[in-house]
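Have a look at the model first, then read on.

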Amino acid sequence: MTQPLVPVLTANWGQERSWKLDSYVAQGGYRALRLALGRSAAEVMAEVKDAQLRGRGGAGFPTGLKWSFVPQDNPNPKYLVVNGDESEPGTCKDVPLLMASPHTLVEGVIISAYAIGAHTAFIYVRGEVLHPIRRVRQAVEEAYAAGYLGRDVLGSGFDLDIIVHAGAGAYICGEETALLNSLEGRRGQPRLRPPFPAVAGLYASPTVINNVESIASVPAIIARGKDWFTSMGTEKSKGFTIYSLSGHVAHPGQYEAPLGLTMARLLELAGGVRAGHQLKFFTPGGSSTPILTAEHLDTRLDYEGLAEVGTMLGTKAMQIFDETTSVVRTTLRWVEFYKHESCGKCTPCREGTWWLVQLLHKLEAGQGQDGDVDKLLSVCDDITGKTFCTLAEGAVACVTSAVRHFRSEFEVGYTTPAWEHLPYDASALFPVESEGGRA
Amino acid sequence: MSGPQPDPVPSPADRSAGPADARSDADLLTSDQTLADLRQLIERYPEPRSALLPMLHLVQSVEGRVSSQGVELCAQLLGLTAAQVAGVATFYTMYKRRPAGRHHIGVCTTALCAVMGGDAVLAAVQRRLGVEPEQTTADGLFSLERVECNAACDFAPVMMVNWEFMDNMTPAKAEALLDDLAAGREVQSSRGATITSWREAERVLAGFPDGRADQGPSAGPASLSGVELSLKSGWTADAFPPPDQPTAGGESR
């Protein structure tokens, strides 16, 4: 039997001072950079393309293909932008990587920038994570001092500068065109496409935007080769990835594995649902991906397996909830998140998420009226497909999937508060002073 | 929710926090040092306006919030209108228009943290501080925010102090933590550095390192769940050789 986990990006996370350059180099770090610089940019791009690496930030678009869209004859400078605005509820893989092994990312940035011909790269990290930002900035400084950055990287003739940029609190900046606006010093609101960033991105110049984990995967692909990478995973979902498990699970955390293991296997590796409880529902890829239930435990956790059951791999963030959890409460909190984070540009999203919150508040408080569940779905229908970006689709997905699996629980909200139907204190990890079940 | 909050009047004891009263903050904003720092940020980017987010972080590290004077200053340095800068400053939740406390407390109450006990942690913090979210205590020591998902779900429920992680929180731990901070005792983030102040954190976010990157662990326990299991089980990346190489330990797939 093949091994279920494969530590690659996470391999050095537990090591002494893993974030320092000397520690990283002692583990073989920056070896891939030397290999890459000894090859042509086109060869490096081809290696990543042939490895079939797909974007790990949610959409799953082939990374090498995205790179190949950059017009090499465009006279403007080309830019590489790393999306480290990790904010999707449930998603918590990039932040530990930035903290434990920032050099993995920095090495990936240098190789990727070389492949696309960029001489300036940005690492955009959400602002609310101070320590990972300290570590990334220090790693960049160390890389400059060691000659991995700046003019004439390792004597190759290739020049590269990296600018580490802290965001200021906006989930929407994880959307790539909103991120570009933010990086230009504007409100983080999505842009209409086309033009796509590969043609007119940052400062209207050709720009590649990739997730932290995608770029961090590049050094391993270069060091060990595309055949090694494609020996892992499934037919269309190659390689390894970091799965993040949280919630009512015995051992929450980061599990790096070849793509395509089942949810049952992953949950087993994490020690199962917390003792004495059963799985009620889970998100496969963050709150924006439709929830699944215990009947989906045998689903393959890859791009295709999850699409087959009407959801998405997303950011591979499994939030696990047991039978004590009120799905009305979680849905409300998720929709409150989307309402708070809506950038306000598109009316269906700005107003629609507001209406969803009103309805869900009433259902949670047991003050819903007959027909409110249909009204929820009707509001979802007024939002979906009518906005610039996918933020609103996330809000709609968590409502429609929750109603699909647990409609009767929402209808309880016509008569009974959610905290009486499923007392909230039972879900907490510690004893809670309860006020009528409302923890 | 809550009405307009009064501007906190810092006591002399809070001066150790750094610049404390409004007058000295205003003077500091236009000091040579601040102007030099702001200009340095502008020079780091290919286009000046890209420096606006870091500049606003720096402004609030100096004056404890982003005032209209701070907005004007950024606008002037970047050749923008005050309205353009204000439009940005009010868009992002980390920029505070009213003075934040010496310590800015965030409690996550997005779905997962809320369910795991985050609501109870927030309630305990509110009781202990006597303020609602988006308010600052009268002594200027603490401000409170209900934060949305902070990318630490495997450490739920999560609380933030000056944007440093305080993992696996309980109401009792949160209260003890606030007591320690109020008493000026040294407090260490679960996965980060010793707690300083919100203003100092904002200066780091703006792009001026404080030399604390080497503090704290490489990772929290949950971050290592998978890698430790792999280590124990002998699972490595070498188990997947390219097809043309002999396998080290049996079949590769």
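Predicted model: local features only at pLDDT ≥ 70, side-chain atom pairs only at ≥ 80, totals over all residues.

A residue counts as buried under 20% relative accessible area, as exposed over 50%, and as partly exposed in between.

**Nonpolar cores**
- The largest nonpolar core has 178 residues, and A:Ile110, A:Ile162 and A:Phe410 touch the most other members.
- Helix 17 (residues 391-412) of chain A gives this core its largest share, 10 residues.
- There's also a second, separate core of 25 residues, with A:Tyr243, A:Tyr255, A:Ala257 and A:Leu261 among them.
- Setting aside neighbours within four places in sequence, A:Ile162 is in contact with residues including A:Val106, A:Ala121, A:Val140 and A:Leu149.

**A salt bridge between chains**
- Over all chains, the structure holds 37 salt bridges.
- One of them joins the side chains of A:Arg224 and B:Asp238, at 3.0 Å from N to O.
- This pair crosses between chains: A:Arg224 sits in helix 10 (residues 212-224) of chain A, and B:Asp238 in the segment after helix 9 (225-233) of chain B.
- B:Asp238 is partly exposed too, at a relative accessible area of 46%.

- A:Glu336 and A:Arg333 form a salt bridge, with their closest N and O atoms 3.7 Å apart.
- These two are about one helical turn apart because they lie 3 residues apart in helix 14 (residues 327-341) of chain A.
- Both A:Glu336 and A:Arg333 are buried.
- A salt-bridge network links A:Arg329, A:Arg333, A:Glu336, B:Asp119 and B:Arg146.

Key: Residues numbered from 1 in each chain as written. Chains lettered and ligands numbered in written order. Heavy atoms only, no water. Core = buried A, V, L, I, M, F, W, Y, C linked by side-chain atoms within 4.5 Å. Buried < 20%, exposed > 50% of the residue type's maximum accessible area, 1.4 Å probe, protein only. Helix = DSSP H or I, 4+ residues; strand = E, 2+ residues; numbered from the N terminus. Contact = heavy atoms within 4.5 Å. Salt bridge = Lys/Arg side-chain N within 4 Å of Asp/Glu carboxyl O.
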